[in-house]
Amino acid sequence: MAIVEVKVPQLSESVAEATLLQWKKKAGEAVTADEILIEIETDKVVLECPAPASGVLVEIVQGDGATVAADQVIARIDTAAVAGAPAPAAVAAPAAAPAAAPAAAAAASTSKAGVAMPAAAKLMADNNLAAGSVAGTGKDGRVTKGDVLAAVAAPKPSAAPVAIPTGAPTKALPQVQVAGPNLGQRPEERVPMTRLRARVAERLLQSQATNAILTTFNEVNMAPVMEMRKKFQEKFEKEHGVKLGFMSFFVKAAVHALKKYPVLNASVDGNDIVYHGYFDIGIAVGSPRGLVVPILRNADQMSFADVEKKIAEFGQKARDGKLGIEEMTGGTFSISNGGVFGSMLSTPIINPPQSAILGVHATKDRAVVENGQIVIRPINYLAMSYDHRIIDGREAVLGLVAMKEALEDPARLLFDI
């Protein structure tokens, strides 16, 4: 028997610990080299932990949800049990610990189906319900609080009558009381924050505590951009293999304004203002695990097609949890597009250590006045939050106006005027 240890991969320098999400294999199952065994979540990214060798997963040392550190052993693989090994040997533990494999197998078998969520487990204990007595309807068969409430509320089968011998003294049977709260049709479930969600919350609070945030607003007539996009959409997609969206226009308009007003692209370091001679634009992307902000490096040197391809790539990686730390590190200015969810207006929060962020919203037909006449135009409300410690209202307002003018006359982006 040759045992190979599965260890937590190296984490970034600023990350001390991580959380195991969900094992994709159970103890006793065969695995192949480089097969993904589990995903490990840090406060920045989700890492994949592959099998270091082929064999049989004989022991899971750390279960789902465990907190681990870099290089910590989380499982063991028996490489000698790859082919032709009898079934008992596949699940047997090393001789030094004969009881470890059954325990690991039992833990793995309950790691999904039948496992009660924290709130459900507490309610089961309050109502004296044994583990495994409630069928789970949650993800992977997990037991939710609603499942427990339904089990508590369900009518209990009457007990079989007890025969009392003739002449024996009768004794009142004790009444069984159901303990714990009865929430009826108002279920609730308590789950811990993911590391990524907790980190986002920490950074948002940090931003509001350290920055003097002020927001300026403006409206932009999107008709010229929409007309240009409609005119070249088909040719653009055939030439570059990607659709021409609106975000590339917003990115280019932002870079255009940042060049005119460099303080919008700057950051604060102690008592110093750091002016960046490059334009790394962060694009806020919603993912199943929380908000992430991947960076478009040197956005001023990217074409419209480059921007659209990179944003599509970021979106797919965010959905799959594949964004790397290096893809979300840095950035000199950010853009948040709430318009994809239908937002009309918002005040975006600055992403430290940046000093400004542009909020883009839904484009809607609205009545506006042009040359004394009321006309209908596709209007988008832009909002730019900025750190008033280094950015005065003048630069902020003029910067947003520069973005507005670039979008209402896209030819300015070609001639940089």
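Are glutamate 234 and lysine 238 buried or exposed? Select both. Glutamate 234 is exposed, and lysine 238 is exposed too. Keep in mind that this is a predicted model.

Now look at how the two side chains meet. Glutamate 234 and lysine 238 form a salt bridge, with 3.5 Å from N to O. Color helix 6, residues 223–240, and you will find both partners in it. They sit 4 residues apart, about one turn of the helix.

How many salt bridges does a search of the whole structure find? The count is 13. Visit a few others.

Select arginine 394 and glutamate 395. Their side chains meet in a salt bridge, at 3.4 Å from N to O. Glutamate 395 has 18% relative accessibility, so it counts as buried, because the cut-off for buried is under 20%. Arginine 394 has a relative accessible area of 55% and is therefore exposed, since exposed means over 50%.

Next, select aspartate 409 and arginine 412. A salt bridge links these side chains as well, with an N to O distance of 4.0 Å. Arginine 412 is partly exposed, at a relative accessible area of 26%. Aspartate 409, at 37% relative accessibility, also counts as partly exposed.

Last stop: select Lys310, Glu313, Lys317 and Glu327 together. Salt bridges with shared partners join these residues into one network.

Technical notes
Residues numbered from 1 in each chain as written. Predicted model: local features only at pLDDT ≥ 70, side-chain atom pairs only at ≥ 80, totals over all residues. Heavy atoms only, no water. Helix = DSSP H or I, 4+ residues; strand = E, 2+ residues; numbered from the N terminus. Buried < 20%, exposed > 50% of the residue type's maximum accessible area, 1.4 Å probe, protein only.
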